[in-house]
Amino acid sequence: MNINRRRFVGLSAAAIAAPSIAVAGQSLNIVCTVGMLADTAKQIAPANVTIRALMGPGTDPHAFRQTRSDVVALTKADLIIRHGLYLEAQMEDLFAKLGNRKPILSAGEAVPNHNLLPYDDASPQYDPHVWMDPTLWIHVADAIASELSSKLPNKSAEISQNYASFVETLIRLTDYGHDILASVPKQARVLLTAHDAFRYFGSAYDFDVMGVKGISTTSEAGLYRIEELVDLIIERQIKAVFVESSQSDRNIRALIEGTAARGHDLKLGGQLFSDAMGPAGTYEGTYIGMIDHNLTTIARALGVDAPKRGMNDRLNV
Amino acid sequence: MAVDAISATELTVDYDGVTAIKDVDFTVRAEKLTAIVGPNGAGKSTLIKALLGLIPTSTGIISCFGASPKQYRKNISYVPQRAQIDWEFPVNVFDVVSMGLYGELGLLRRFSSAHKNRVHSALTDVDMADFAARQISQLSGGQQQRVFLARSIVQDAELILLDEPFGGIDAKSETVIVDILRRQNQNGKSIVAVHHDLSTVKDYFDDVILLNKTVTAFGPVNNVFTKANIEKTYGVSNLDFLTGCG
Amino acid sequence: MTELIGYNTALALVGALLFGFSSGHVGAFVYLRKASLLSDSLAHATLPGLIIGFLVSTFLGMEEKNSWVLLLGAGASALLGVVVIQWITARTKLGFDTAIAAVLSVFFGSGIVLLTGVQSVSVGQQAGLEDYILGSVSGMLLQDVFFIGLVSIICSAAVVVYRRPLTAFIFDPVLSELAGYAQHRMSFLLSLLTLVITIIGLKIVGLILVVAMLTIPAATARLWSTCVWSMSSLSALFGSASAGIGVIISALLPNLPSGAVIVVIMFIALGLSIVVTHLRGSNV
């Protein structure tokens with residue numbers, strides 16, 4: 001975790017020295033794809049920067065199809081921030097075309113390759129769900145901060161300040177997660193969700209993760225997969241399973257019924273935010289809140305007496 | 001032979017915005033063989049549909065044996081034009097004739113051996129008993145027509161309406177069918193047929209209705225089937241080739 | 001697999017067997033009526049209603065994406081589609097085929113627009129809607145099977161009870177009318193049965209493939225039968241068997257969408273039947 005301050009200061013110095021792309025009136029119109037990016041940008045950006053996300057709470061980015069008004073918003077933006085790593089799979093062509101005319105920051109790709117997990121054995125792609133590990137998200141925040149500084153050089157001090165405080169919270173969040181999950185015994189460190197979005201969580205906190213659907217949500221889970229998971233749940237005595245805000249809960253309910261038929265009481269551990277944050281305007285509707293909610297919900301479902309209202313005592317329960 | 005088989009008064013039917021038949025008046029005598037003749041577009045099909053109660057009339061009254069067609073429905077049987085039937089339908093001769101009993105049987109009454117006998121008897125009447133298990137797609141034109149006649153017979157309806165029963169049938173079959181109709185008539189059935197062949201009207205039928213949007217004339221063939229009436233109905237002259245006329 | 005057949009597979013199997021049976025049953029009469037295209041149009045017309053039902057259930061604060069409301073919406077918009085088709089055919093110069101094509105594309109297209117619009121309303125979980133387009137057997141729950149099973153049995157029973165008037169109506173509508181079964185009532189009955197089968201089929205094979213359930217077993221049965229009763233019974237059996245085999249295969253092999261497998265099985269059965277009856281010299 002020694003990327004941060006030194007590199008950042010260096011970058012911003014370079015940005016100031018280089019011919020800056022000064023935007024008239026010192027305001028910036030940023031359009032992001034997913035909400036996590038928009039919230040992160042909001043935490044770091046100075047005032048009078050407008051930031052919006054194309055995908056709202058509960059929207060599945062794997063399946064998102066842009067409308068005409070989305071495209072218009074993108075063409076009017078001063079800066080586009082997308083996640084990349086094929087998260088916004090349906091928008092690849094659009095971004096390829098826009099890239100010739102607009103500055104596009106693929107923030108997710110700021111994470112170094114050696115920190116990325118592979119998509120699966122067959123393909124060269126990476127699993128895009130990097131936001132699940134706050135330490136990896138620091139790279140993303142860094143990239144956003146750099147880009148903002150280069151666009152608004154005379155706000156770079158403010159940006160740097162916001163960035164620093166945001167990173168501090170990310171570190172605190174990571175430590176909080178380690179703290180509350182420390183007491184979960186090895187064999188209980190299993191996370192089963194609607195789709196395979198939590199591998200970075202798994203690698204950061206030493207959990208086995210399984211999703212009913214794969215990394216991308218666009219295909220049916222299949223009966224075979226359901227039966228396979230029922231066997232696994234019983235074999236490993238998994239206590240809780242989790243639904244996701246952006247996914248249908250039918251498969252999870254099918255698992256609960258299937259395991260109940262074999263006498264195993266699989267509980268619904270709660271709803272996690274996987275590909276999208278919580279409702280706008282709430283604490284869970286921010287990146288920090290989203291991760292806080294996930295960590296707290298998982299820990300409590302596994303029997304840990306974690307604080308009900310989470311790290312900042314702000315979760316809605 | 002009291003009540004008329006059909007009585008139509010001032011019948012007008014508007015269909016698709018066009019007046020198909022207007023101010024039609026006629027009676028069909030019971031227990032007779034009556035032909036309806038007229039050129040294409042004369043409204044013969046419309047008249048039949050109205051008689052069956054399938055389309056509403058704009059004005060006028062129809063009665064069958066003194067009752068309205070809707071009350072009288074179960075006592076009318078209809079033999080459709082062969083072109084209107086789906087001959088590839090999975091059904092055999094026996095099944096087609098059995099359908100004549102559906103009105104009686106309702107939804108769930110069992111098809112008993114008594115019913116089977118009636119079907120066989122009707123098939124025998126039309127000389128098609130050997131074909132009972134044959135798919136209708138494998139019948140000749142004449143055979144098809146006889147099967148539908150058998151269906152009417154099994155219904156035992158007092159009025160049989162036929163739509164161009166001799167269309168596309170060979171001469172021998174035609175003779176056979178005429179015989180069947182005459183026999184049914186002798187059993188007390190009233191027969192009404194839309195007929196296209198003017199040269200056989202006098203041979204086959206007792207009465208005739210000449211129709212071209214309105215009724216030109218109706219009544220016993222000897223009185224009514226005159227050269228003048230025919231020419232008036234068809235709007236042509238020079239019909240001397242029709243024997244026994246005028 | 002530690003057991004021969006797991007609970008989830010057993011559930012899916014029962015639902016599929018019953019649904020396949022009744023869709024084959026109803027499908028036989030749809031086939032004879034030559035209304036297969038109409039049933040496809042009806043299936044596609046469910047999409048806008050599904051989404052509106054989804055929006056209604058969400059905004060009414062119903063926690064679970066309450067499938068009753070969605071199916072009700074689907075039924076309503078399909079019914080509207082049927083009404084529009086009949087209106088176009090009766091009141092304009094456009095033919096039946098044109099009416100079907102128009103309703104299919106306009107309704108389905110509106111549905112896609114709504115679907116894309118829903119994602120920006122950001123109420124979430126619209127991924128569940130895609131289950132109805134392509135089907136999702138993996139998420140079958142006990143309550144789903146009860147519903148599907150009950151409705152399937154009712155539809156099959158209706159077909160059996162009304163087999164005579166339906167047969168007469170399709171073969172000779174005038175006869176049916178004279179026998180006391182009005183044409184418009186029989187036509188409505190058949191449309192209603194088609195609609196109900198479509199609705200319950202949404203969860204299993206999805207709206208795109210439901211037409212296959214109503215068409216292929218019937219076509220296969222037609223090759224083997226010479227009377228309506230045996231044709232409809234065979235169609236029911238083919239539909240049921242294909243659905244059952246499809247579910248079993250998708251449970252035994254990974255990554256197979258059950259709905260599609262079922263349709264492939266039905267198609268294989270049809271292909272084999274065509275070959276066998278052709279070689280045999282069909283006398284049908």
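**Helix packing, domains, interface, sheet**

A: Start with chain A: the axes of helix H5 (residues 134-151) and helix H6 (residues 156-181) come within 10 Å and cross at roughly 175°. That makes H5(A) roughly antiparallel to H6(A). Keep in mind that this is a predicted model.

Q: Which residues in H5(A) and H6(A) meet?

A: From H5(A), the list includes A:Trp137, A:Ile138, A:Ala141 and A:Leu148. Among those they meet in H6(A) are A:Ile159, A:Phe166, A:Leu170 and A:Leu173.

Q: How do the residues of that contact divide into nonpolar, polar and charged?

A: The contact of H5(A) with H6(A) has 12 nonpolar residues, 4 polar and no charged.

Q: Domains next. What does the domain assignment give for chain A?

A: Domain 1 (4-177) and domain 2 (183-301). Their C-alpha centres lie 27 Å apart.

Q: How many residues are in contact between domain 1 and domain 2 of chain A?

A: 28 residues of domain 1 touch 28 residues of domain 2. On the domain 1 side, helix H2 (35-44), H5 and H6 of chain A each give two or more residues. By class, that side has 14 nonpolar, 10 polar and 4 charged residues.

Q: Switching topic. How many residues does the contact take from chain C and from chain B?

A: Chain C gives 21 and chain B gives 19. On the chain C side, helix H8 (163-171), helix H9 (173-178) and helix H12 (228-252) each supply at least two residues. The chain C side divides into 14 nonpolar, 3 polar and 4 charged.

Q: What confidence values come with the complex?

A: The predictor gives an ipTM of 0.87 and a pTM of 0.85. For chain C, the mean pLDDT is 88, with 93% of residues at 70 or more.

Q: Now the sheet in chain B. What's the strand order?

A: E5-E6-E7-E3-E8-E9, an open sheet of 6 strands with mixed pairing. The twist averages 15° from one strand to the next.

Q: Which strands stand at the edges?

A: Strand E5 (76-79) and strand E9 (214-220) of chain B. Each has a single partner strand, so one side of each lacks a neighbour in the sheet.

Q: And how many bridges join E3 to E8 in chain B?

A: 4 bridges, with strand E3 (residues 33-37) and strand E8 (residues 207-212) running parallel. B:Val37 has B:Leu210 as its bridge partner in E8(B).

Q: What does helix H1 of chain B lie across?

A: Helix H1 (residues 44-51) of chain B lies across E3, E6, E7 and E8, at about 150° to E6(B). Helix H6 (residues 141-155) of chain B also packs on the sheet, touching E5 and E6. The direction of H6(B) makes about 175° with that of E5(B).

Technical notes
Residues numbered from 1 in each chain as written. Chains lettered and ligands numbered in written order. Predicted model: local features only at pLDDT ≥ 70, side-chain atom pairs only at ≥ 80, totals over all residues. pLDDT = per-residue confidence, 0-100. Axes fitted to C-alpha atoms, helices over the stretch in contact; angles between N-to-C directions. Parallel < 35°, antiparallel > 145°, perpendicular 65-115°, else oblique. Contact = placed C-beta atoms within 7 Å. Nonpolar A, V, L, I, M, F, W, Y, C, P; charged D, E, K, R; others polar. Domains from an automatic or database assignment. Pairing = 2+ DSSP bridges.
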